[in-house]
Amino acid sequence: MAVTAPGKVGTADVPALPLHVPETARRREDHGARLVLPAKPERTAIPAACPGSDPRRRFARVAIVHYWLVTMRGGERVLERLLRLFPQADIFTHVYDPTAVSDTIRRHKVTTSFIQHLPGARRHYQSYLPLMPMALEQLDLRGYDLVISSESGPAKGVITAPDALHLSYVHSPMRYLWDHYHDYRDAAGMVSRTMMPLLCHRLRAWDASSAARVDRIVANSRFIQRRIAKAWRREADVVHPPVEIDLFDRADAVGPAYLWVGQMAPYKRPDLAIDAFNALGLPLVMVGDGPLAAAMRRRAGPNITLLPRLPFPALRRAYAQCRALVFPAEEDFGIVPVEVIASGRPVLAYAGGGALDSVTQDLTGQFFASQSVDSLIAGVEAMEAWLPHFDPAAAMADARRFAPDRFDQGLLHALE
């Protein structure tokens with residue numbers, strides 16, 4: 001799903017209501033069982049700014065290693081922010097499609113691995129995953145005194161100079177090697193399904209051992225922090241990804257429909273939202289396309305509207321006008337909930353993954369305990385009971401925890 005602006009998921013529109021947009025553009029009952037949420041840490045990983053002690057002064061030459069550059073999604077937005085922090089940085093990646101990325105990225109020198117020159121690499125780059133460890137190790141990073149790897153696909157396994165600092169910002173350890181391995185294998189074709197056990201076994205060993213090459217690790221959420229500890233046995237700080245919250249604002253009026261936004265993929269759980277709202281009979285707008293889209297259209301009742309995509313202005317309006325966002329996925333972090341909160345609307349989220357960092361119980365939203373229809377229905381009922389107490393202004397103020405300047409401060413602190 002290509003993204004060309006924060007939160008954009010594609011060109012249909014929704015009915016307009018007046019919306020002012022700046023020009024610069026714990027606890028609930030669930031079927032009798034109390035849902036206890038992990039406490040948020042009292043001290044965040046993001047300190048106050050420290051003028052005069054900027055660690056960037058120590059680094060003359062900076063390299064940023066990003067797994068691949070073939071679209072603009074959350075990882076590429078983080079890359080853009082890193083390039084703003086380090087305007088002198090050179091980029092290294094496996095595969096690069098200049099037409100698919102922003103001007104910010106195109107302005108920098110981009111060096112690719114040999115994967116770039118293999119047949120069909122721009123479209124089928126993931127097929128070359130077994131070759132990527134070797135490709136990374138052939139990249140020449142001599143002369144760089146700071147290396148930042150942006151890790152979700154293979155990126156952190158580069159070989160750096162002995163006196164260079166290597167910091168890895170981890171969106172996720174490779175899902176197809178670790179906790180989502182069996183899901184990917186079940187969905188693969190016969191040949192891939194046969195080869196995956198051997199290939200992934202060897203890649204896991206490399207992935208874990210290459211984590212030892214990194215000097216400092218930063219995770220994008222507490223959920224990813226725990227996954228890093230499990231897969232790599234490494235400690236990590238937490239610095240949440242930057243969200244352009246100033247692009248969002250409240251609407252003058254709110255509609256009756258709940259909202260779901262995302263790719264129509266199994267782990268996003270669009271089926272769960274549809275089945276729950278079919279049972280409830282409440283209006284739901286679902287925005288997104290993907291491999292499950294056709295099946296979801298057949299599954300949805302008349303109270304559910306499915307839109308394959310929205311341009312950013314219409315999506316921003318949908319955020320601000322929705323009754324609440326339904327977020328049933330277990331995400332690494334999840335940008336959409338923060339964008340909705342910044343729009344002055346609450347979130348009903350599954351109590352797992354990165355949503356536990358971005359959503360605050362009884363302030364910016366509610367949680368439901370399990371990824372089941374009954375639990376989501378109970379969550380909607382709890383949301384309806386709580387909505388009269390929701391304070392949009394307080395929610396929008398809480399969203400400032402994820403503003404880009406907070407990311408900047410946290411990352412620079414990790415370099416000290």
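**Close-up views of a predicted model**

**View 1. Helices H1 and H15 cross.** The axes of helix H1 (residues 74-85) and helix H15 (residues 404-414) come within 11 Å and cross at roughly 65°. That angle makes H1 roughly perpendicular to H15. The crossing is right-handed. As with every view here, the model is predicted. On the H1 side, the contact uses Val78, Arg81, Leu82 and Leu85. On the H15 side, their partners are Pro404, Asp405, Phe407, Asp408, Leu411 and Leu412. Sorted by type, the residues of this contact are seven nonpolar, no polar and three charged.

**View 2. The largest nonpolar core.** This core has 62 residues. Which of them touch the most other members? They are Tyr258 and Leu259. A second, separate core has 29 residues, including Ile91, Ile148, Phe407 and Ala414. In soluble globular proteins, nonpolar side chains tend to be buried together.

**View 3. The surroundings of Leu259.** Set aside the neighbours within four places in sequence.

**View 4. Helix H10 is mostly covered.** H10 spans residues 312-321, and nine of its ten residues are buried. The buried residues include Phe312, Ala314, Leu315, Ala318, Tyr319 and Ala320. Arg316, Arg317 and Gln321 are buried too. What do the buried residues of H10 pack against? They pack against strand S10 (258-261) and helix H11 (335-342).

**View 5. Arg233 has a positive phi.** Its phi is near 60°, and Arg233 is a residue other than glycine. Where is Arg233 found? Look in the loop between helix H7 (222-232) and strand S9 (237-238). Is Arg233 buried or exposed? Arg233 is exposed, because its relative accessible area is 64% and the cut-off for exposed is over 50%.

**View 6. Asp362 has a positive phi.** Here phi is about 65°, although Asp362 is not a glycine. Asp362 lies in the loop between helix H12 (355-358) and strand S15 (365-368). Its relative accessibility is 37%, so Asp362 counts as partly exposed.

How values were computed:
Residues numbered from 1 in each chain as written. Predicted model: local features only at pLDDT ≥ 70, side-chain atom pairs only at ≥ 80, totals over all residues. Heavy atoms only, no water. Core = buried A, V, L, I, M, F, W, Y, C linked by side-chain atoms within 4.5 Å. Buried < 20%, exposed > 50% of the residue type's maximum accessible area, 1.4 Å probe, protein only. Contact = heavy atoms within 4.5 Å. Axes fitted to C-alpha atoms, helices over the stretch in contact; angles between N-to-C directions. Helix = DSSP H or I, 4+ residues; strand = E, 2+ residues; numbered from the N terminus. Parallel < 35°, antiparallel > 145°, perpendicular 65-115°, else oblique. Left-handed = near helix turned anticlockwise from the far one by under 90°. Nonpolar A, V, L, I, M, F, W, Y, C, P; charged D, E, K, R; others polar.
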